[in-house]
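Please look over the sequence and the fold shown below before reading on. The paragraphs after them go through the structure part by part.

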Amino acid sequence: MLTAHLASAIEYWFFKVNCGPVALIVDWIERRKLNEHVLRVSIHSPYGREVIFEKLDSFMPDDNFLSHKKSIGHSGNVSWNLDIELGNEQFKPDIFPAGFLKMPDTLYESAPLAKFTGWIRHGTETFTLGQVHGSVTQYWGRQLIQEWWWLSAHQFDKENFAVECSLLRTSLWGTSLQMPLAFLYLYRNGKRDFWMSPPSFTNVQGSPDKFIIEFNLIGRKKIALVGTGHEYGDFGERIINTLTGDLEIFEDNQQIACAKGTAGLERRTPQQKAV
């Protein structure tokens, strides 16, 4: 992963990490038809809550970049210097032949158990990270997915627990036809589970402030994820994001893990049709 797809109209690379009182997500956004290179930095810390946008001269310049092993960058009051271990856990959600035929708007690839070591600075505050779990992700394609819910969390009340999940609706080949898709990655005690919908059945109810996502798995216990959002920031493009949400995970109505103030929650709302 983290290989540029030069034929794609758009491409997003980002990392996300929470460590104690600080949480940071940084996106490098490439809009090739417009020749735009954008850095988007979102941070929560005792110094404050900010979402910063900055136009770059190129994609991944030497002083603001993300690679397999390192990220260095700065924008506004925020700077960071982080060593990265992607780890062996990686996934690329796809239902054959959707990706092969380029049916969805974008393809997605993630390293959900990446480790970060180094520092993050926000204003006068500096935070040190040592082997802290987070994620590194990229997606690319013809245009952004029409709408989505996205969840990512690593700091739970249980050790060795992580989750990444998305429910989305994509156009087919860029036409007005649309198709729902979903995935759920669940890591606990060294065991990895990964499900896609279809064939599993999924639904979501609620708003970004409080919502529930259910995965009704074939031959397995139902998984429910209950999210509560705090301190959302406006990412533009009809996207809001927080890294300080709450997330409860249930298996057949029994809570198996809880993240308090450390969950990444994101929502892109569908475009309103003109009346």
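This is a predicted model: local features need pLDDT of at least 70, side-chain atom pairs count only at pLDDT 80 or more; totals for chains, interfaces and linings use all residues.

Residues are numbered from 1 along each chain as its sequence is written, and side-chain values use heavy atoms, with hydrogens and water left out.

Begin with the sheet. Nine strands form an open sheet in the order β4-β3-β2-β1-β9-β8-β7-β6-β5, with antiparallel pairing. Strands (E, at least two residues) are DSSP runs, numbered from the N terminus, and two of them pair if DSSP finds at least two bridges between them. The edges are β4 (48-55) and β5, each of which pairs on one side only. Within the sheet, β1 and β9 run antiparallel and are joined by eight bridges. In this pairing, Trp 13 stands opposite Gln 138 of β9.

Next come the cores. A nonpolar core is a set of buried Ala, Val, Leu, Ile, Met, Phe, Trp, Tyr and Cys residues joined through side-chain atoms within 4.5 Å; buried means under 20% relative accessible area with a 1.4 Å probe, protein chains only. In soluble globular proteins, nonpolar side chains tend to be buried together. The largest core here has 31 residues, of which Phe 15, Trp 28, Trp 80 and Val 136 touch the most other members. Strands that each supply at least two residues of this core include β1 (10-19), β2 (22-31), β8 and β9 (125-141). Apart from it lies another core, of 29 residues, among them Tyr 12, Ile 29, Leu 113 and Phe 235.

The structure also holds 18 aromatic pairs. Rings of Phe, Tyr and Trp (its six-membered ring) pair if their centres lie within 6.5 Å, and planes under 30 degrees apart count as stacked. Tyr 12 and Tyr 139 make a stacked pair, at 4.9 Å centre to centre and with 10° between the planes. Tyr 12 lies in strand β1 and Tyr 139 in strand β9, so the pair ties together parts that are 127 residues apart in sequence. Tyr 12 counts as buried because its relative accessibility is 1%, and Tyr 139 counts as buried at 9%. Ring pairs link both of these residues into a cluster that includes Phe 14, Phe 91, Tyr 108 and Trp 148.

What is the nearest side chain of opposite charge to Glu 109? Lys 92 is, 5.0 Å away, and the buried Glu 109 has no salt bridge, a term for a side-chain nitrogen of Lys or Arg within 4 Å of a carboxyl oxygen of Asp or Glu.

The last stop is a hairpin. Strand β17 (residues 233-236) pairs with β18 (residues 239-251) in the antiparallel sense over three bridges, and Asp 234 stands opposite Ile 240 in β18. Two residues lie between the strands of this hairpin, where Glu 237 takes a positive phi near 55°. In a regular strand the side chains alternate between the two faces of the sheet. In β17, Gly 233 and Phe 235 are on a covered face, and Asp 234 and Gly 236 on an uncovered one.

Note on methods. Buried means under 20% relative accessible area, exposed over 50%, partly exposed in between (1.4 Å probe, protein chains only). Lys and Arg count as positive and Asp and Glu as negative; His and the chain ends are not counted. Helices (H or I, at least four residues) and strands (E, at least two) are DSSP runs, numbered from the N terminus. Rings of Phe, Tyr and Trp (its six-membered ring) pair if their centres lie within 6.5 Å; planes under 30 degrees apart count as stacked, over 60 as edge-to-face and the rest as tilted.
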